[in-house]
Amino acid sequence: DDQTRLNAATRLRDAENGVAASVGLMRALGDRTQAVRQVSSEALKKHASRDSPNVSRMLRDNFTSFLTILDSNDAQVRLAAVSVLRDLGTHASPFLAKIKGMERDKSSEVREVASDICKQLSGVVISDGEMHVEFETPDGGSQTIVFTQQPLGVDLRETGDAVLVDRVNLSGNADMLGVKAGWRVVKVNLEAAPTAPELTEKMRKATE
């Protein structure tokens with residue numbers, strides 16, 4: 001019941017291992033009751049302020065689930081989720097494309113928080129060993145994925161002037177990060193996507 005879920009969220013809030021607790025707290029952001037969402041949001045922000053790199057990594061590892069929360073029909077759920085990203089500071093950069101989209105959210109509160117995050121990320125420098133790939137999804141949406149390991153686990157193909165993800169290897173890096181076949185590569189490390197062979201080589205060098 002509602003009280004049981006609230007008690008569980010409270011225990012996760014007070015857990016010493018904030019990163020481990022953050023997985024459960026992230027899921028609780030989408031709870032139907034405001035009290036559970038509030039406790040979860042406050043707890044995640046607390047853990048994010050203490051260990052932002054690892055909380056950011058946890059959110060990337062659970063990218064699809066977190067994206068569902070950011071896309072919730074409930075404005076208060078979206079606000080709770082994007083507020084957590086604000087507390088990650090520069091470690092929110094893997095979600096930059098999604099955050100930019102939320103600057104056009106129906107909720108003024110969500111728009112304000114998203115705008116704050118974009119401002120704090122405006123001078124973010126991409127670290128060595130990281131590759132930020134911006135994709136366009138078939139429905140016209142945008143996703144930015146941060147690769148840090150080889151092999152990437154994707155096959156690419158050219159269609160006209162577009163470079164598309166042709167296949168995602170099961171349990172590979174791309175699969176674990178939520179990349180899907182049919183996504184179009186838009187930018188790599190903020191630069192326009194080159195041809196498929198050039199892009200493959202660029203991806204290899206970026207994560208060496």
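Guide: This is a predicted model. Its largest cavity has a volume of about 40 Å³.

Visitor: How many cavities of 30 Å³ or more does the structure hold?

Guide: One.

Visitor: Which residues line the largest cavity?

Guide: Arg 60, Phe 63, Pro 94, Thr 144, Ile 145, Val 146 and Leu 177.

Visitor: And what is the lining like by class?

Guide: Five of the lining residues are nonpolar, one is polar and one is charged.

Visitor: Where does the largest share of that lining come from?

Guide: Strand E2, residues 142-147. E2 gives three residues to the lining.

Visitor: Switching to helices. At what angle do the axes of H3 and H4 cross?

Guide: Roughly 125°. The axes come within 5 Å. H3 covers residues 34-50, and H4 covers residues 52-61.

Visitor: So what do you call that arrangement?

Guide: Oblique. Roughly perpendicular stops at 115 degrees and roughly antiparallel needs over 145, so H3 and H4 count as oblique to each other.

Visitor: Which residues meet there?

Guide: From H3, Leu 44, His 47, Ala 48 and Arg 50. They meet Ser 52, Val 55 and Met 58 in H4. By class, this contact has four nonpolar, two polar and one charged residues.

Visitor: Zooming out, how many helices and strands are in the chain?

Guide: The chain has 10 helices and six strands.

Visitor: What percentage of the residues is buried?

Guide: 43% of the 208 residues.

Visitor: And what share of the contacts with a separation of 6 or more links residues 24 or more positions apart?

Guide: 58% of those contacts in the chain.

Key: Residues are numbered from 1 along each chain as its sequence is written. This is a predicted model: local features need pLDDT of at least 70, side-chain atom pairs count only at pLDDT 80 or more; totals for chains, interfaces and linings use all residues. Side-chain values use heavy atoms; hydrogens and water are left out. Axes are lines fitted to C-alpha atoms, for helices over the stretch in contact, and angles run from 0 to 180 degrees between N-to-C directions. Helices (H or I, at least four residues) and strands (E, at least two) are DSSP runs, numbered from the N terminus. Angles under 35 degrees count as roughly parallel, over 145 as roughly antiparallel, 65 to 115 as roughly perpendicular and the rest as oblique. Contact means heavy atoms within 4.5 Å. Ala, Val, Leu, Ile, Met, Phe, Trp, Tyr, Cys and Pro count as nonpolar, Asp, Glu, Lys and Arg as charged, and the others, Gly among them, as polar. On a 1 Å grid over the protein atoms alone, a cavity is a set of points where a 1.4 Å probe fits but cannot get out, and a pocket is an open set with protein on both sides within 12 Å along at least five of seven lines; lining residues have an atom within 4 Å of a point. Grid points are joined across faces, edges and corners, and a volume is the space filled by probe spheres set on the points. Buried means under 20% relative accessible area, exposed over 50%, partly exposed in between (1.4 Å probe, protein chains only).
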